[in-house]
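Subject: Handing over the two-chain model

Dear colleague,

I am passing the structure below to you, and I would be glad if you could look through it before reading my notes.

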Amino acid sequence: MSPRRRPARRPGARLRRAVLNALGLGVFVVAVFPVCWMVSTAFKPNDEIFATTPHPLPAHPTLRHFDTVLTGKVAGVPFWHYFANSAIVATATVAVSGLLALLAATAVARFRFRFRTGFLVMLLVVQMVPAEALVIPLFTDLARLDLLNDLAGLIAVYVAFALPFGVWMLRGFVAAVPRELEEAAALDGAGPLRTFFRVVLPLVAPGLIATSIFSFITAWNEFLFAFTFLKDQDKATLPIMLQFFFGRSGNDWGPIMAASTLFTVPVIGFFLLVHRRLAGPGLTAGAVRA
Amino acid sequence: MIETVEEAGRRVRGSPDPGSPTGPVRRRVRLGPYLLILPSLVVIGVLLVWPVIQIGRMSLQNVGVRQLRGRPAENVGLANYRRILGDDLFWTALRHTVLFAAVAVTATLIAGTLTGLLLGSLGRRMSALVTGGIMVAWATPQVTAAIVFSWLFGTTGGLVGWFLDLLPDGLVGSGWQSYNWFARPLPTYTVLTLCVVWMSFPFIAVSVLAGLRTVPDELYEAARVDGSTAWQRFWKITFPLLRPIFGVLLTLAVIWDFRVFTQLFVLSGLANRDAFNLSLYGYSEAFGSLNAKYGLGSAIAVVLTLIVLLVTAVHVRTVIRQEGAA
């Protein structure tokens, strides 16, 4: 139960440790198995995929399914086109939401002003509203503005979804920057902008990375809004392509798993690289504490 | 013993709060903070708050494709609500939504908490390995997860069917390899529950672990000396101290699971009306046919939102109180 282990001395401690490690391995296997099975299927030739006795690893690994996905077209559009759309949407979401969240976080962490509490509560409440409920009014609004088949419309919506969390997350980081540092910079004659870029920005960079990962994943993975807004296949993002592919080719699991792998593995790799920053106590502390 | 716990709790909760400013600070520019929040306020206002207002209005109107081209929408009062309340499909979808959320939230919180406690008692290297593993599940996109689960539970070459047929027939029956998991609501929701819990327990585990790290070791030490069991230590020490975190996690799990859309959409689809939940039902009314009924879909979305807000109101109230006191 204790978070930090002490050297095991009591009798039975070794057994306890063995049981705990076995449980840990069990959790590990359950957590990674579906993804491993996806990757493994993607490399299997068809006769192994549909074998009556499935094997965990491909006996004769093949790149054929990846070739099918990368050189073929889904709904007349090549894979790389979907990939590019996803990359554009995710990058723009990260850049815009990061900037806006940093500005707002500076305001709530550094200043006392009349609507501060109101603003923070609003950020919290809008996170409670199911996004699924907003898809209808946002669809009709974008339709009236003629932004439906436009990546810009989708990016704007993703920025709005990423912002509340970003502000909550970043305000802790901004508040942690010692005020004395800023004052010292001001005394040395640095203007507010210079102080911001030279003093504040480097110190909040870890928080900015964490929020960027969050908004990147939000935008990269999102399905419902992309599916509803982007009606031209030409404009579609990867999740839409995957769902379409899955719906059309039914049981052709090889290419489906290959496409899923190409879509998923980059996100997982990305996430594993930086999860320590995202999974720190700040994640819930921001929501628990005022 | 009890005193120790309370004192420590006070110490944990009373630690300096990084989120709030230390006091009123006078700055040269009074306009500053307003200018800083203005862009976020505009984006959130236009794209999150305005649609919420609008969905309430649209739920009282008759809105179709023609209204998108500039025709004024006709006010119909509560007709949309009356229509969905009289629709059997609504009640089926509501039942599915509530039952699924109850099961999935409970399972996610239990699995996540147990994993968090386990991570806390593992050695450093083992803990890092398991954390890395659950990150994989956490990072997996919803569409991918749903597609992989429908492959695992598929009828041709599906791994789960093969495995269940390996088990003794007396235990689980036979014929699993040709069993269609997506033909009826109950098995569909079983797969959905597994899929959703698999994706969401890592977040709970990592948050519980982060909370555990704030609990002083001496508390457990003292409790152990007093001869307590692990079960007692959890309910007497861990749970009371982490109560705020559990509050947030419960709220988040409720929000996720009441509105689950993508996974069910991929696993079951719009054609399978018997297996609808409220999200899918609303979506299908609004977008599912050529004769779009945005007003009707809005009414369903309003009902869903109200349920979620009602369930999570307790948490929002706590935060408002804390913000007011800060």
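This is a predicted model: local features need pLDDT of at least 70, side-chain atom pairs count only at pLDDT 80 or more; totals for chains, interfaces and linings use all residues.

I begin with the domains of chain A, which is divided into domain 1, covering 13-62, and domain 2, covering 71-288. The C-alpha centres of these two domains of chain A lie 32 Å apart, and the contact between them takes 8 residues from domain 1 and 7 residues from domain 2. On the domain 1 side, the elements that give two or more residues are helix H1 (13-42) and helix H2 (46-49) of chain A, and of these H1(A) gives the most, with 5 residues. Sorted by class, that side of domain 1 of chain A has 5 nonpolar, 2 polar and 1 charged residues.

Asp67(A) has its place in helix H3 of chain A, which runs over residues 64-71, and Asp67(A) counts as exposed because 12 other C-beta atoms lie within 10 Å of its own, where the limit for exposed is 12 or fewer. Although Asp67(A) and Ala258(A) are 191 residues apart along the chain, their C-alpha atoms are separated by 8.9 Å.

Phe79(A), by contrast, belongs to helix H4 of chain A, residues 79-110, and is buried, since 22 other C-beta atoms are found within 10 Å and 20 or more are needed. Leaving aside the neighbours within four places in sequence, Phe79(A) is in contact with Val69(A), Leu70(A) and Val74(A). Phe79(A) and Gly269(A), which are 190 residues apart in sequence, are 20 Å apart in space when taken from C-alpha to C-alpha.

Several residues of H11(A) are buried, among them Leu238(A), Ile240(A), Leu242(A) and Phe246(A). Just after H11(A), Gly250(A) takes a positive phi of about 45°.

Turning to chain B, you will find 15 helices and 2 strands, and of its 326 residues 46% count as buried. Among the contacts in chain B between residues at least 6 apart in sequence, 71% join residues that are at least 24 apart.

The buried residues of H6(B) include Met126(B), Val130(B), Ile134(B) and Trp138(B). As a general point, an α-helix has 3.6 residues a turn, so residues three or four places apart point the same way.

Finally, the two chains touch each other, with 100 residues of chain B in contact with 93 residues of chain A. The largest share of the chain B side, 17 residues, comes from helix H2 of chain B, residues 32-58, and the residues on that side of chain B divide into 66 nonpolar, 27 polar and 7 charged.

With best wishes

Key:
Residues are numbered from 1 along each chain as its sequence is written. Chains are lettered from A and ligands numbered from 1 in the order in which they are written. Domain bounds come from an automatic or database domain assignment. Helices (H or I, at least four residues) and strands (E, at least two) are DSSP runs, numbered from the N terminus. Ala, Val, Leu, Ile, Met, Phe, Trp, Tyr, Cys and Pro count as nonpolar, Asp, Glu, Lys and Arg as charged, and the others, Gly among them, as polar.
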